[in-house]
Structure formats: structure tokens, C-alpha cells
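Below is a short briefing on selected local features of one structure. Please keep the sequence and the coordinates at hand while reading.

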Amino acid sequence: MPSRVNAVQGGWSDTNKVSAINVVDFGARGNNSADDYDAFNNAITAAAAQNTNLGGMVFAPAGTYILDTGLTFPAGTGLFGDGSNATVLKMADGSNIDMIT
């Protein structure tokens, strides 16, 4: 079973917490070289299946994640990380994709 972190929709709040799916639990490496698309896609699928009233959240800890295919988030799912300078999503060299749809 994937580990979870506490996340919130719209800010930290004890009354609004939802469980987030961690991409590392699905094999993401965030090492700026491995393609992490499959791990992100599987985490998004797991988050979408949570069926919470706030939607499923995906967490990407600090690292640089390479994607050679764009990510599609179903309605009610979201993504957050450790900050704009800590969690980076990067297109694979030579890719011409919409990063997130």
C-alpha cells in the first residue's frame, strides 16, 4: 500500500485534510535522468480512484522529474510538491508535449 502524506485543498487545515498519493511509492526517482512518466501516471490513477469529496491529490517530493509524455489529470485530482524550487517537472530532451492537461 502506498504511503500517504497529509495535504489540503487551499491551504493547511486540520478540517480539510485529504490523503495524497506519493509518486515515489509508484517508482518515481526525481533524479533528473530517469523517465518518471509511468510513476506519475499510476499515482494520478490511484488518486482519481480515491473518490473523496475533495478529489485525490498527488504529491511529488523534492527532485527533478523527467517526463517524456504529458500528464492528464482527471477532474477532482491535483498535484503538489515541496515548492517551486524543490519539485521540478521537466520535459525529456527532444520532447514536444503539453506537460499537464
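Where is the place of Asn32? Asn32 lies in strand 3; strands (E, at least two residues) and helices (H or I, at least four) are DSSP runs, numbered from the N terminus. This is a predicted model, in which local features need pLDDT of at least 70 and side-chain atom pairs count only at pLDDT 80 or more, while totals for chains, interfaces and linings use all residues. Residues are numbered from 1 along each chain as its sequence is written, and side-chain values use heavy atoms, with hydrogens and water left out.

**Asn32**
- Asn32 has a positive phi, near 65°, and is not a glycine.
- Most residues other than glycine have a negative phi.
- Asn32 counts as partly exposed because its relative accessibility is 39% (buried is under 20% relative accessible area, exposed over 50%, partly exposed in between; 1.4 Å probe, protein chains only).

**Asp36**
- Asp36 sits in the loop between strand 3 (31–35) and helix 1 (37–48).
- The side chain of Asp36 reaches two backbone nitrogens, that of Arg29 at 2.8 Å and that of Gly30 at 3.3 Å.
- Asp36 is buried without a salt bridge, and the nearest side chain of opposite charge, Arg29, is 6.2 Å away (a salt bridge needs a side-chain nitrogen of Lys or Arg within 4 Å of a carboxyl oxygen of Asp or Glu).

**Strand 4**
- From strand 4 (residues 57–60), Met57 and Phe59 point one way and Val58 and Ala60 the other, and all are buried.
- Strand 4 pairs with strand 6 (residues 78–81) in the parallel sense over four bridges; pairing requires that DSSP finds at least two bridges between the strands.
- Opposite Phe59 stands Phe80 of strand 6.

Key: Lys and Arg count as positive and Asp and Glu as negative; His and the chain ends are not counted. A polar contact is a pair of N or O atoms within 3.5 Å; within protein, one must be able to donate a hydrogen and the other to accept it, and residues adjacent in sequence count only if both atoms are side-chain atoms.
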